[in-house]
Amino acid sequence: MLVLGVCSLKGGVGKTSVTLGLASAALARGVRTLVIDLDPQGDATMALAVDDAGGTGADVASVLADPRASVVERAIAPSGWADDGLDVMRGSARSAAHDGPGSDADLDGLAFALSFVGDYELVLLDCPPSLGNLTRAGLTACDRAVVVTEPGLFSVMAVGRAMRTIDELRRGPAPALQPLGVVVNRVRGRSTEQAFRLEELRSLYGPLILTPFVPERAALQQAQGAARGVHTWPGEPAAALADVFDDLLDRALRAPRTT
Ligand SMILES: Nc1ncnc2c1ncn2[C@@H]1O[C@H](COP(=O)(O)OP(=O)(O)O)[C@@H](O)[C@H]1O
Ligand SMILES: [Mg+2]
């Protein structure tokens with residue numbers, strides 16, 4: 001099982017979009033996947049069309065508070081994207097209560113909870129846009145992390161801070177954690193400012209800059225708004241996005257693992 005965190009210290013750069021794109025690629029390929037929605041905004045849970053009709057009342061906040069097998073089981077529901085193969089550990093605003101300062105000893109709960117999830121090949125963790133304890137607890141449960149950025153000035157600086165956080169966690173509570181790389185999102189072909197920032201990213205992070213880049217396409221928002229995966233969305237732009245996420249998934253699944 002590969003546990004992959006999707007993080008950035010900025011909101012709106014595309015963490016949830018990348019999580020959903022990878023989940024869509026995994027589903028298309030038959031890779032059994034669990035998405036954990038750590039963001040109190042719960043965007044991934046909504047976009048994955050989780051049916052809460054049977055409402056167990058449990059979600060990721062319940063798991064953080066009490067990481068027992070029975071709680072973990074109740075917090076997980078199937079995604080509405082397919083009959084089988086893609087599940088979600090529901091997010092909710094209640095997880096914000098776990099974002100306050102705490103000691104490193106508090107960071108292990110989610111990692112412990114993952115020992116009770118079913119047999120998934122891939123776990124994707126959609127992180128909140130901060131450096132708080134939620135993100136730290138999330139990354140502590142991960143083998144690999146991708147940092148999502150846009151090719152803009154402040155986003156490039158935020159990549160450095162995210163990378164340092166990953167480094168600091170590896171030297172502390174998360175010895176298995178390694179950066180997979182930087183996913184560059186919302187790339188527009190003809191922007192000279194973006195071209196400059198892409199050069200800057202390459203010179204700063206070299207091989208950690210993952211390719212292909214994710215282009216800016218309205219089809220991504222349309223699929224999300226309809227609570228569908230981009231692999232099942234019609235049209236050429238969606239198909240091109242699907243190819244990009246297929247390649248990024250390949251890269252993630254190929255990464256050598258220590259655990
Ligand atoms: N490559 C893209 N092309 C078009 N829209 C995008 C793209 N990436 C993200 N968006 C849109 O930008 C907004 C913020 O993205 P989101 O994934 O929610 O960011 P985050 O999870 O980092 O806050 C969403 O409305 C999303 O649909
Ligand atoms: Mg998000």
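Visitor: Which strand pairs with strand 2 (residues 33-37) in the parallel sense over four bridges?

Guide: This is a predicted model, where local features need pLDDT of at least 70, side-chain atom pairs count only at pLDDT 80 or more, and totals for chains, interfaces and linings use all residues. Residues are numbered from 1 along each chain as its sequence is written. Pairing takes at least two DSSP bridges between two strands, and strands are DSSP E runs of at least two residues, numbered from the N terminus. Val-35 stands opposite Val-88 in strand 4; the parallel partner of strand 2 is strand 4.

Visitor: Are the residues on both faces of strand 4 (residues 86-89) buried or exposed?

Guide: In a regular strand the side chains alternate between the two faces of the sheet. Here Leu-86 and Val-88 lie on one side, Asp-87 and Met-89 on the other. By the cut-off of under 20% relative accessible area (1.4 Å probe, protein chains only), all four are buried.

Visitor: What is the bridge partner of Pro-78 in strand 4?

Guide: Strand 3 (residues 76-78) and strand 4 run antiparallel, joined by three bridges. The partner of Pro-78 is Asp-87.

Visitor: How far is an oxygen atom of ligand 1 from an N or O atom in the side chain of Ser-17?

Guide: A polar contact to the ligand is a pair of N or O atoms within 3.5 Å. For the Ser-17 side chain and a ligand oxygen, the distance is 2.7 Å.

Conventions: Chains are lettered from A and ligands numbered from 1 in the order in which they are written. Side-chain values use heavy atoms; hydrogens and water are left out. A polar contact is a pair of N or O atoms within 3.5 Å; within protein, one must be able to donate a hydrogen and the other to accept it, and residues adjacent in sequence count only if both atoms are side-chain atoms. Buried means under 20% relative accessible area, exposed over 50%, partly exposed in between (1.4 Å probe, protein chains only).
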